[in-house]
Amino acid sequence: MEDKNQHIVLRTENLSIGYTSKKNNNIVSSNINIELLKGELIGLIGANGIGKSTLLRTLTAVQPKLEGNIFINAKELNAYSNIDLAKSLSLVLTESLPSKNFTVFELVALGRQPYTNWLGNLSDTDLEIVNNSLTQINIEDLKNKKCFELSDGQLQKVMIARALAQDTDIIILDEPTTHLDMYHKAYILNLLQKLAKDTNKTILFSSHEIDLAIQLSDKLIVMDNNKVVSDQPCNLISNGTFNELFPKDLITFDEKTGSFRIKK
């Protein structure tokens, strides 16, 4: 019997990312070959400005690729219609909401838009999925609150619940712990780890919280100036990948503790 966890949800093939101008292509990173499996929590890490957000925008068709291919469930990304892509992939960005006058329930219910009729009416099934999403994120007590009443940590949980209600195979989050204190950073990443295991969804997140990502992720995608590598954290530690992530004049990686240290 095939192990369902070995199903490849997202794969790239010699992918190049960046920006196109009239004169030439500005390549941010090239020759990216990654595989994200069903039920995995994957952290995307790298120095500031290295191209993490560019990679996520490319994987989600927000911006075009320069070269190569992207596959979701073995189907090329370019072959998806907007509505079919919204049923396969959900995205949580750090951008502010268009309106914080939504209640929590209303915002989470927006995740059902790919499935509702043209009037946007929620069926009994839609309502059940929305309520289940609130329960899985443990925010049922917030459902009637307005979004402007929420803390940053609470609002981030609501955004994750909306992505969960969208019921896609893969959830992609760009910096989900931005503006949160250390406790809530750890809480959100622990929550994502639990969701990946409980729902068997593939969850990819970018983060500057590298130590937490190393501890909690099933797999890491590491971007530096020369290449993009993807592997289990233990393998990346043993092959010295983290030693090259930052200049060594100030920060070093301690392989024994699996964390970065400031040089004294």
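Reply: Happy to. Let's begin with contact, which means heavy atoms within 4.5 Å. By that rule, helix 6 (residues 182–199) lies across strand 4 (41–46), strand 8 and strand 9 (202–206). Helices (H or I, at least four residues) and strands (E, at least two) are DSSP runs, numbered from the N terminus. Helix 6 runs at about 160° to strand 9; such angles go from 0 to 180 degrees between N-to-C directions, with axes fitted as lines to C-alpha atoms, for helices over the stretch in contact.

Me: What should I keep in mind about the model itself?

Reply: The model is predicted, so local features need pLDDT of at least 70 and side-chain atom pairs pLDDT 80 or more, while totals for chains, interfaces and linings use all residues. Residues are numbered from 1 along each chain as its sequence is written, and side-chain values use heavy atoms, leaving out hydrogens and water.

Me: What makes strand 7 and strand 11 edge strands?

Reply: Two strands pair if DSSP finds at least two bridges between them. Six strands form an open sheet in the order 7-8-9-4-10-11, with mixed pairing. Strand 7 (89–92) and strand 11 (228–231) each have a single partner strand, so one side of each lacks a neighbour in the sheet. From one strand to the next, the twist averages 15°.

Me: How do you know that strand 7 and strand 8 pair?

Reply: They share four bridges, in the parallel sense, with strand 8 covering residues 170–173, against the required at least two. One of the bridges joins L89 to I170 in strand 8. Helix 5 packs on the sheet here, touching strand 7 and strand 8.

Me: Why is C147 called buried, and what is C234 called?

Reply: Buried means under 20% relative accessible area, exposed over 50%, and partly exposed in between (1.4 Å probe, protein chains only). C147 has 1%, so it is buried; C234, at 48%, is therefore partly exposed.

Me: How many disulfides are there?

Reply: A disulfide is a pair of cysteine sulfur atoms within 2.5 Å, and the count by this rule is zero.

Me: What makes the buried residues of helix 4 line one face?

Reply: In helix 4, D126, I129, V130, S133 and L134 are buried. Seen down the helix axis, they fall within an arc of 140°, so they line one face; the arc is that of directions from the axis to the C-beta atoms. D124 and E128, on the other side, are exposed. The buried residues pack against helix 3 (104–109) and helix 5 (152–165).
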